[in-house]
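Trainee: I have a chain open here and would like to talk through how its parts pack. Could we start with the terms and then go to the details?

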Amino acid sequence: MKIMKKYGWEFLLFFSLSIVLSIGFYWVGNQPTDPWVLFGLNAGLLLCGILFIVTFIRLWRVKWKKAIAAGLRKLLTGLASLFIAIVEKWNEAQNDGGHLGGKTSISFDLFRAEKEDKKSAKLPKWKHLQTDRERMRFLYRSMMTERVKRGALVYSSETPSELKQKQENQEHEETLFDLYISHRYDERQQPSEEAIENLKEQFHIK
């Protein structure tokens with residue numbers, strides 16, 4: 001009874017459609033000529049057709065309209081997001097050999113331990129960094145960001161060792177490269193506090 005109460009209108013829709021199709025197949029297959037048979041078939045088609053239309057309108061207004069509209073919105077939103085992502089990828093491929101919006105793409109896998117807030121593009125401030133390893137990564141990223149701003153070509157596929165050899169570096173930049181390369185993968189080894197403080201002053205970090 002609960003099922004019939006819940007899906008009663010769907011059952012009527014299916015029933016009326018089934019009768020209409022059955023009458024149609026019978027008519028086509030048997031080509032009846034008896035007037036009473038024809039009258040019965042026409043009456044059945046008319047009644048079941050009306051029942052089908054009324055049931056369909058009722059289901060559309062009560063159940064299907066909101067569900068279909070929500071589904072279409074979700075589908076269109078997904079398609080729009082996919083289209084935007086494809087366009088952005090295409091633009092990346094077209095802009096200066098893979099540069100993003102005229103700027104060079106940098107992907108150093110930095111600040112992984114800090115788990116930056118995804119909702120904010122701001123980097124953590126120096127005073128909020130807890131360890132010398134975090135401060136070292138901060139210095140390295142700051143150095144590479146400045147290079148990009150000055151027009152340097154820095155690709156995500158390049159390692160720190162390759163970047164170090166790519167152009168002439170000042171003494172404090174060489175020191176930071178060496179420090180970062182030697183401590184990059186060894187999580188147990190912390191860079192010295194003295195070295196970090198000296199580099200902070202040379203890079204003018206506040």
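This is a predicted model: local features need pLDDT of at least 70, side-chain atom pairs count only at pLDDT 80 or more; totals for chains, interfaces and linings use all residues.

Trainee: Okay, so which pair of helices packs at an angle of about 30°?

Mentor: That is helix 3 with helix 6, the latter covering residues 193-202, and their axes are 10 Å apart. Given the cut-off of 35 degrees, helix 3 and helix 6 are therefore roughly parallel to each other. The crossing in which helix 3 passes helix 6 is left-handed.

Trainee: Which residues of helix 3 and helix 6 meet there?

Mentor: Helix 3 brings Asp 132, Arg 135, Met 136 and Leu 139, and these meet Glu 193, Ile 196, Leu 199 and Lys 200 of helix 6. Sorted by class, the contact of helix 3 with helix 6 has four nonpolar and four charged residues, with no polar ones.

Trainee: And what about helix 3 against helix 5, what angle do they pack at?

Mentor: Helix 3, residues 132-149, and helix 5, residues 171-183, pack at an angle of about 130°, and their axes are 10 Å apart. This pair is therefore classed as oblique, and the crossing of helix 3 and helix 5 is left-handed.

Trainee: Which residues make that contact between helix 3 and helix 5?

Mentor: On the helix 3 side they are Arg 133, Met 136, Arg 137, Leu 139, Tyr 140, Met 143, Met 144 and Arg 147, while helix 5 contributes Glu 173, Leu 176, Phe 177, Leu 179, Tyr 180 and His 183. The residues of this contact divide into nine nonpolar, one polar and four charged.

Trainee: Stepping back, how many helices and strands does the protein chain have?

Mentor: The protein chain has six helices and zero strands, and its pattern along the sequence reads α-α-α-α-α-α. Of its 206 residues, 25% count as buried. If you take the contacts between residues at least 6 apart in sequence, 61% of them join residues at least 24 apart.

Trainee: Changing topic, where is Glu 158, and what does its side chain pair with?

Mentor: Glu 158 sits in the loop between helix 3 and helix 4, the latter being 160-166, and at 18% relative accessibility Glu 158 counts as buried. Its side chain is joined to that of Lys 166 by a polar contact of 2.9 Å. Once neighbours within four places in sequence are set aside, Glu 158 is in contact with Leu 153, Leu 163 and Lys 166.

Definitions and conventions: Residues are numbered from 1 along each chain as its sequence is written. Side-chain values use heavy atoms; hydrogens and water are left out. Axes are lines fitted to C-alpha atoms, for helices over the stretch in contact, and angles run from 0 to 180 degrees between N-to-C directions. Helices (H or I, at least four residues) and strands (E, at least two) are DSSP runs, numbered from the N terminus. Angles under 35 degrees count as roughly parallel, over 145 as roughly antiparallel, 65 to 115 as roughly perpendicular and the rest as oblique. A crossing is left-handed if the near helix is turned anticlockwise from the far one by less than a right angle, and right-handed if clockwise. Contact means heavy atoms within 4.5 Å. Ala, Val, Leu, Ile, Met, Phe, Trp, Tyr, Cys and Pro count as nonpolar, Asp, Glu, Lys and Arg as charged, and the others, Gly among them, as polar. Buried means under 20% relative accessible area, exposed over 50%, partly exposed in between (1.4 Å probe, protein chains only). A polar contact is a pair of N or O atoms within 3.5 Å; within protein, one must be able to donate a hydrogen and the other to accept it, and residues adjacent in sequence count only if both atoms are side-chain atoms.
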